[in-house]
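Q: I've got a model open on my screen and I'd like to learn how to read it. Could we go through it feature by feature?

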Amino acid sequence: DFYAAVRASNHAEAHFQLGLAKMQRGTVEACIEVEVHFIEAFRQEPYDHRSTTNMGICKYWRGEFQESLEWLQKSLQITPQYDRGTPADALGNLLRDGGNLEQSIRFHEIALLYSPSVFAFRFNYGLTLIKS
């Protein structure tokens, strides 16, 4: 949130927190506003997977699927193994919407492997199974 950004000890964290606070509005318009923050956070901290994951999700919300795929793949490469649930789930959603149900299922299973108790991941996996 805004106050976390203000307290952040580095500029990358401030950019990430500001982007996240705006992204929580859940609108396409908010994603347009946050891109500058996530890109700057990634530029300053290229191994902080949170900015790449959220940038990929924003690109997905905006319908920019190829760019979303690139950001989310980058995120999976740099995300610590224990924290791969969110980028894997987002990739699963992207691939499902693109019609690649087999790969989508694979990524949803990865998300559930690392975050089995996250309801949204279970819901997205079920939705993909129904579509397949």
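Predicted model: local features only at pLDDT ≥ 70, side-chain atom pairs only at ≥ 80, totals over all residues.

Q: Is His 15 buried, partly exposed or exposed?

A: The idea is to look at relative accessible area: under 20% is buried, over 50% is exposed, and partly exposed lies in between. His 15 comes out at 22%, so it is partly exposed.

Q: Now the inside. Which residues have the most contacts within the largest nonpolar core?

A: They are Met 23, Phe 38, Cys 58, Leu 91, Leu 94 and Phe 107, in a core of 26 residues. At least two core residues come from each of helices H2, H3, H4, H5, H6, H7 and H8. Take Cys 58 as a case: setting aside residues up to four places away in sequence, Cys 58 touches Met 23, Cys 31, Val 34 and Phe 38.

Q: How do I read aromatic pairs?

A: You describe a pair of rings by the distance of the centres and the angle of the planes. Searching the whole structure turns up four aromatic pairs. One of them joins Phe 16 and Phe 38, a tilted pair with 6.0 Å centre to centre and 45° between the planes. This pair links distant parts of the chain, with Phe 16 in helix H2 and Phe 38 in helix H3, 22 residues apart. Phe 16 has a relative accessible area of 4%, so it counts as buried, and Phe 38 is buried too, at 0%.

Q: What about Phe 119 and Phe 123?

A: Those rings also form a tilted pair, 6.5 Å centre to centre with 35° between the planes. Both residues lie in helix H8, four residues apart, or about one turn of the helix. Phe 119 is exposed, because its relative accessible area is 64%.

Q: Last one: which residues form a nonpolar patch on the surface?

A: Val 28, Ile 32 and Trp 61 do, and together they have about 260 Å² of accessible area. Val 28 belongs to helix H3. At 37% relative accessibility, Val 28 counts as partly exposed.

Methods. Residues numbered from 1 in each chain as written. Heavy atoms only, no water. Core = buried A, V, L, I, M, F, W, Y, C linked by side-chain atoms within 4.5 Å. Buried < 20%, exposed > 50% of the residue type's maximum accessible area, 1.4 Å probe, protein only. Contact = heavy atoms within 4.5 Å. Patch = residues over 30% accessible without salt bridge, like charges linked within 9 Å, V, L, I, M, F, W, Y side chains within 5 Å. Areas by Shrake-Rupley, 256 points an atom, 1.4 Å probe, with all protein chains shown as cover. Salt bridge = Lys/Arg side-chain N within 4 Å of Asp/Glu carboxyl O. Phe/Tyr/Trp six-rings, centres within 6.5 Å; stacked < 30°, edge-to-face > 60°.
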